[in-house]
Amino acid sequence: MTQLPRLKIIVVVHLKKRSMKTSLLKTQIQIRKKVLKQKICITFSHLKKQRPLSEIVKELANFVSRNTPFSDILCTPEALVGRRIKHKFEIDGELGETKWYSGIIVHYNGTTKAYEISYDDEDEHCFFDITIDLVNGD
């Protein structure tokens, strides 16, 4: 099976015409629907009013981010920086008790392979290599 290259959003910000920007965004959405067979529903108007292009770009960027293949994350670990996560920790190994913590990945250190994570209920940042946890669904 031929693997398609990962498509990224390409919008030339300095284009002055809304029509050109709109055309580029519509092309990106159509490629995702027809070629990549992704279910995407992004509209260019709401209640018969045009939506700002900045909103549409942000919505498309979020869609691309959520639909990044897991293999891309393993090949480019920096792709997780800025993402919110839920991370499972074992509280009591003997009882098998676990707890999920929510946080955001703020940095990746390529040398140590550790992610710096700011958990919502913690004052200090924690450092983990979470790739094994990702593979295990933890």
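A residue counts as buried under 20% relative accessible area, as exposed over 50%, and as partly exposed in between (1.4 Å probe, protein chains only). The model here is predicted, so to speak of local features takes a pLDDT of at least 70, side-chain atom pairs count only at pLDDT 80 or more, and totals for chains, interfaces and linings use all residues. Residues are numbered from 1 along each chain as its sequence is written, and side-chain values use heavy atoms, with hydrogens and water left out.

On to the charges. Three salt bridges turn up in the structure, a salt bridge being a side-chain nitrogen of Lys or Arg within 4 Å of a carboxyl oxygen of Asp or Glu. One of them pairs Asp 120 with Arg 84, with 2.6 Å between the closest N and O atoms. This pair bridges distant parts of the chain, 36 residues apart: Asp 120 sits in the loop between β5 (114-119) and β6 (126-128), and Arg 84 in strand β3 (residues 84-92). Strands (E, at least two residues) are DSSP runs, numbered from the N terminus. Asp 120 is partly exposed at 44% relative accessibility, while Arg 84, at 52%, counts as exposed.

The N to O distance is 3.4 Å for Arg 51 and Glu 55, and 2.7 Å for Arg 51 and Glu 59. Arg 51 is buried, at 14% relative accessibility, whereas Glu 55 is partly exposed at 41% and Glu 59 is partly exposed at 27%.

Now for the rings. Searching the whole structure gives five aromatic pairs. Rings of Phe, Tyr and Trp (its six-membered ring) pair if their centres lie within 6.5 Å; planes under 30 degrees apart are stacked, over 60 edge-to-face, and the rest tilted. Phe 89 and Phe 128 make a tilted pair, because their ring centres are 5.5 Å apart and their planes stand at 55 degrees. Phe 89 belongs to strand β3 and Phe 128 to strand β6, so this pair ties together parts 39 residues apart in sequence. Tyr 101 and Tyr 119 are edge-to-face, with centres 6.2 Å apart and planes at 70 degrees. Tyr 101 is in strand β4 (residues 97-109) and Tyr 119 in strand β5, so parts 18 residues apart in sequence are tied together. Tyr 119 is buried, at 3% relative accessibility. Together, Phe 89, Tyr 101, Tyr 119 and Phe 128 form one aromatic cluster.

Conventions. Helix = DSSP H or I, 4+ residues; strand = E, 2+ residues; numbered from the N terminus.
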